[in-house]
Amino acid sequence: MSTTIDVPESSKVAKDKAVAIGPARPGGWKKGVAIMDFILRLGAIAASLGAAATMGTSDQTLPFFTQFFQFEASYDSFSTFQFFVITMSLVGGYLVLSLPLSVVAIVRPHAVGPRLFLIILDTVFLTLATASGASAASIVYLAHNGDQDSNWLAICNQFGNFCAQTSAAVISSFVAVVVFICLIVMSALAIAKP
């Protein structure tokens, strides 16, 4: 005596789909966020170190009459630009040192400790990058437009290459700031959602 049980087609299809999908991956979307975090850190390294190098090499000399009487514009003529170079170098160094923690977040996507540590340090270095970028932007603005009230003359008419380099460095620093903001938001979302 044999008994056959008819299985409806709809449950058979559902079982086949469940087998085709397979078990959930252990990292899920948090692993994707961690990989994106690593890639963004590489971009922020390039932006911050590029900003420091561009500002650090900004120099232009205008000869007048003789070689002994010259006008020079250099980043080390402005303490704000010196602060910018030092700060953006520190930011780039921090980002290089944070790469191993970012790799830990890829390997262990559900670990909260490394992400929380990165959020705290990212916030500190975001503040440094924003402060140095904003202060350098104010000097670049004065170099382009001058200020009649304080008798600051616009120097970019004469020192075009110097102004172009400093402007590019400031823009690059703000790219690093935007990347830092994205990193902090992504890490916070990865910690907050289970």
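**Exercise 1.** Work out how far apart the end C-alpha atoms of residues 78-104 lie, and how much of the span is helix.

*Solution.* Begin with the ends of residues 78-104, whose C-alpha atoms lie 40 Å apart in this predicted model. Next, take the secondary structure, where the span is 96% helix and 0% strand; helices (H or I, at least four residues) and strands (E, at least two) are DSSP runs, numbered from the N terminus. Finally, turn to the record: the unreviewed UniProt entry annotates residues 78-104 as "transmembrane region", along with 38-58, 116-143 and 168-192, although such annotations may be inferred rather than shown by experiment.

The model is predicted, so local features need pLDDT of at least 70 and side-chain atom pairs count only at pLDDT 80 or more, while totals for chains, interfaces and linings use all residues. Residues are numbered from 1 along each chain as its sequence is written, and side-chain values use heavy atoms, with hydrogens and water left out.

**Exercise 2.** State how many helices and strands the protein has, and in which order the elements run.

*Solution.* First count the elements, which gives 5 helices and 2 strands. Then read from the N terminus on, where the order is α-α-β-β-α-α-α.

**Exercise 3.** Locate Val112 and decide whether Val112 is buried, exposed or partly exposed.

*Solution.* Start with the position: Val112 lies in the loop between helix H3 (79-107) and helix H4 (113-145). Then apply the cut-offs, by which buried means under 20% relative accessible area, exposed over 50%, and partly exposed in between (1.4 Å probe, protein chains only). Because its relative accessibility is 44%, Val112 counts as partly exposed.
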